[in-house]
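Let's take a walk through this structure together, with an eye on how its parts come together.

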Protein chains: 2
Amino acid sequence: MLKRKNSLKILDKTSKAKIIIKKLKKENKNIPIILVPTMGALHQGHLSLIKKAEKYNGIIIVSIFVNPIQFNDKNDLKNYPNTLRADIEKLKELGVDYLFLPTVKDIFNSSFQTTVSVNELQKFLCGKHRPGHFNGVSTIVLKLFNIINPDIAVFGRKDFQQLAIIKRMVIDLNLDIKILEGEIIREESGLALSSRNKLLTKKNYEIAQNIYQGLMFIRSEFKKGKKSSVQLKRLLVTFYQSKGIRNIEYINIVDRNSLIDSKTVRTGNIIAVAIKLGKIRLIDNLKF
Amino acid sequence: MLKRKNSLKILDKTSKAKIIIKKLKKENKNIPIILVPTMGALHQGHLSLIKKAEKYNGIIIVSIFVNPIQFNDKNDLKNYPNTLRADIEKLKELGVDYLFLPTVKDIFNSSFQTTVSVNELQKFLCGKHRPGHFNGVSTIVLKLFNIINPDIAVFGRKDFQQLAIIKRMVIDLNLDIKILEGEIIREESGLALSSRNKLLTKKNYEIAQNIYQGLMFIRSEFKKGKKSSVQLKRLLVTFYQSKGIRNIEYINIVDRNSLIDSKTVRTGNIIAVAIKLGKIRLIDNLKF
């Protein structure tokens, strides 16, 4: 049996990780390897993904890698929170087996030049506003998949477009990886947990509470009978403005698979928003 | 031990191939799986790749798939030779274990939308003249790698840029696949074998003999002391024109790894050419 608790082992090199994982696969033939990819600054959202992974009785490998090629905004990369010591403690407490913690140089050697693009799904929502972001995501996720060779990988639903893109990539590239989806974890106020929340000013943190409240309000309007996407989106703009949210990057109501805008909103559609508070960009979404 | 001779099994579906290969991997733990990807119309060039593969005492899987997304020219795709019955006979004679023979629909489902790009290396040579071609190549090769899960894959040196791109992709995407390189196989005249040779008119077939003769001539001029790339390329243009080759797509002398043009030619550089005879495009290359 696998040891749990305090047995976290750190794999700090790709080459080392590959050797260890080959060995694990040989020795534990019927035990799945489960990857939880993160950029660190772990919060309850990440931890819930790990708890989800634990149900599969596998070997759990969490990766922490702040992937430079998915940051279209240099300041966002520079300011991305780093809480490695605390992260490691959390992973130990949860009984995670391995932490894959590579350097940027190890992941991207100087001649690196390959891009994976999921061409259609990345045209919408965040993809429209963060040029190159999803190419960076697909590419690093494929690399992590090839390094760790997991049977299962877990992604959260907050990055709803990311999840759709990764699921599509897995099919399109004939990968044998089961993708698990983790629910959005929220504060009591409803604010979706995000590593970027801690970068908000106190005032903007207060304002941010309204992001989710707005989504809930729109869903209740939908349930009362309003089906026009244009009308619902306008209602949300008005709601947000009344709460001091002025910089709305997008509000879209989309088909959850194709990510194409719904004109007439249906049950199962997703309302997705990105807003900016100061320099901090936050996203959230809710299923109708 | 593995049976040889006449035991060719055909895998006509991706899902079937995946199941069989998983079984093979379980049952034959230390025997490598070797993939030889082709587009059919097999000639001695392909067969030499298979013979190269045989030295590794593995399970040999040849794929035949005329990949539509790597054809930038619709007529080239339409006219690409198909000699499947003869191909199968040749594979049986060589004792190939499996033929992976999927349909286009099986490989590219209707929502398929993912592209793999090796961004720098595809800017040169054929990549410059066949927009999208190498994206199509990298994407299908990665898919074949993920379906067949080979330990070793074999590619010919005639598609010298393709080989460079695939080797780069394997490194960049952290794949555990050893790439074997097959020499260019030539007719007695020196003409490089190509499935497209059989599409040439009799007259153009005669003219095509001079492609390689020209490369040999330039190499001998280099060995006599001419080191200027511009001068050597001019000599080759004059040589080709004197032999009735009028449509030269490119002549480049490049570094074999970066594919960047050499101004001063060095031992180890590659001279690569693409010429058109009628509607048929032929490539060849030679190492200095």
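Of the interface residues of chain A, 95% are also interface residues in chain B, so the two copies meet through the same surface. Keep in mind as you look that this is a predicted model.

How many residues take part in the contact? On one side there are 21 residues of chain A, and they are in contact with 20 residues of chain B. Three elements of chain A each give two or more residues to the side that touches chain B: strand 5 (114-118), helix 7 (133-148) and helix 8 (160-172). Strand 5 of chain A gives the most, with five residues. Sorted by class, the side of chain A that touches chain B holds nine nonpolar, eight polar and four charged residues.

Now let's turn to strand 5 itself. Strand 5 of chain A pairs with strand 5 (residues 114-118) of chain B, in the antiparallel sense and over five bridges. Which residue of chain B is the bridge partner of A:Val116? The partner is B:Val116, in strand 5 of chain B.

In general, two copies of a chain are related by a rotation about an axis and a shift along it.

Notes. Residues numbered from 1 in each chain as written. Chains lettered and ligands numbered in written order. Predicted model: local features only at pLDDT ≥ 70, side-chain atom pairs only at ≥ 80, totals over all residues. Contact = placed C-beta atoms within 7 Å. Helix = DSSP H or I, 4+ residues; strand = E, 2+ residues; numbered from the N terminus. Nonpolar A, V, L, I, M, F, W, Y, C, P; charged D, E, K, R; others polar. Pairing = 2+ DSSP bridges.
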